[in-house]
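Dear colleague,

Please find below the structure I am handing over to you, together with its sequence. A summary of the findings follows it.

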Amino acid sequence: MKSSAIAHSNIALIKYWGRSRDHDSNLNIPSNDSVSMTKLGLSDDIHLQTRTTIDFSDIYEKDTAILEGEVLTGRMMERILRVVNPLRKIVNIDYKFKMISKNDFPTQAGLASSASGFAALAIAAVDALGIDFSKEEISTIARLGSGSAARSIHGGFVYWYKGNSHETSFARQICGLDEFDMSAVIAIIHEGKKDVTSDVGHESAYTSPFDRVRISKSQEQAKDIEKAILDGDFSEVGKISEENSKYMHAVMMTSNPPLFYWHPSTLKLIKSIQKIRESLECYFTVDAGPNVHCLCRHENTYELQKMLEEMEYVDKTIIVRPADDSHVTKEHLF
Ligand code: DP6
């Protein structure tokens, strides 16, 4: 019972920040709907994807999960079991598993490694156990490992309904990778691991006095951005994404304890993007880390990349295009 999957990471245009306090926090039911672009890195060695192989068998004495050669324990193993255990229950088997997973990009550098990781795990585990689930159902399983992973099941542009139960909190595709003209250049200014993971950050979002406002604004913005995507209106999508990213960072900075994910260079870059915008239309969005995604039209990616690479505080850049659906592959890792 072995299967492998390749899943892409995604960049949130409307952010998920904070879990609903009306539900068990282990369910990762968010406070608001969110919207993302599933992304494919265009550099030679970085496609921003995770490949995962999982095998269920009676030859294993215990569950083992290995990420980048490291045996996972503690919180990470707990999150993996949260994905796998409900699936084992559905098919009523108690076989143990071995899982190996590899990212082709730095883990936990604000490039959303858990999104692709848990999406790949959910797809591979559902396939290995022969469960007949729709993509929406697989997205609910991925969500149990990492909220944003729910969106990475689909390619192109994706909407995650917050829902009000495990079954109703799922992601679906807004449109495919060729149906809306948007790319991004990621400006990497720091690749190290972040001090506070999103997993921990979600728990303190509600302590910010601005959290309520962000939630209700994000709900409106998710609907508005979906419409703008379907209308092919890049300017509107860019503007809404930028606003929404600022709302999230305002909440982070004013939570207790406060979270400052920006580095001084993040702000420098944001100011530069505002300047670049006078001649080339682009917008910024920043996740839970210091790196900046600059959103632009396909035709402008290389010119924008050149401008960003000239900045002394930008270490490197990665061009990303919308990716296709995450999927099962026959190439196993063991
Ligand atoms: C800021 O809990 O999905 O990227 O810690 O990687 O599992 P992991 O992330 P997750 O939170 C994502 C937070 C965000 C915004 C977003 O992707 O919506």
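Please note that this is a predicted model.

A pair of aromatic rings is described by the distance of the centres and the angle of the planes. With ring centres within 6.5 Å taken as the criterion, there are seven aromatic pairs. One of them joins Tyr161 and Phe170 in a tilted arrangement, with 5.5 Å centre to centre and 50° between the planes.

Two charged side chains sit over ring faces. Arg21 lies over the face of Tyr206, at 3.6 Å from the ring centre, and Lys98 lies over that of Phe334, at 4.6 Å from the ring centre.

As regards the ligand, 16 residues surround it, and the closest are Arg79, Ser114, Ser146, Ser148 and Arg151. By class, this shell comprises five nonpolar, six polar and five charged residues. Oxygen atoms of the ligand have polar side-chain atoms around them: one of Ser148 at 2.6 Å, an N or O atom of Arg151 at 2.8 Å and one of Asp287 at 3.4 Å. The ligand taken alone exposes 460 Å², of which the protein buries 93%.

Yours sincerely

Key
Residues are numbered from 1 along each chain as its sequence is written. This is a predicted model: local features need pLDDT of at least 70, side-chain atom pairs count only at pLDDT 80 or more; totals for chains, interfaces and linings use all residues. Side-chain values use heavy atoms; hydrogens and water are left out. Rings of Phe, Tyr and Trp (its six-membered ring) pair if their centres lie within 6.5 Å; planes under 30 degrees apart count as stacked, over 60 as edge-to-face and the rest as tilted. A charge sits over a ring if NZ of Lys or CZ of Arg is within 6 Å of the ring centre and within 35 degrees of the ring normal. A residue is near a molecule or strand if one of its heavy atoms lies within 4 Å of it. A polar contact is a pair of N or O atoms within 3.5 Å; within protein, one must be able to donate a hydrogen and the other to accept it, and residues adjacent in sequence count only if both atoms are side-chain atoms. Accessible areas come from the Shrake-Rupley method with a 1.4 Å probe; for residues, only the protein chains shown count as cover. Ala, Val, Leu, Ile, Met, Phe, Trp, Tyr, Cys and Pro count as nonpolar, Asp, Glu, Lys and Arg as charged, and the others, Gly among them, as polar.
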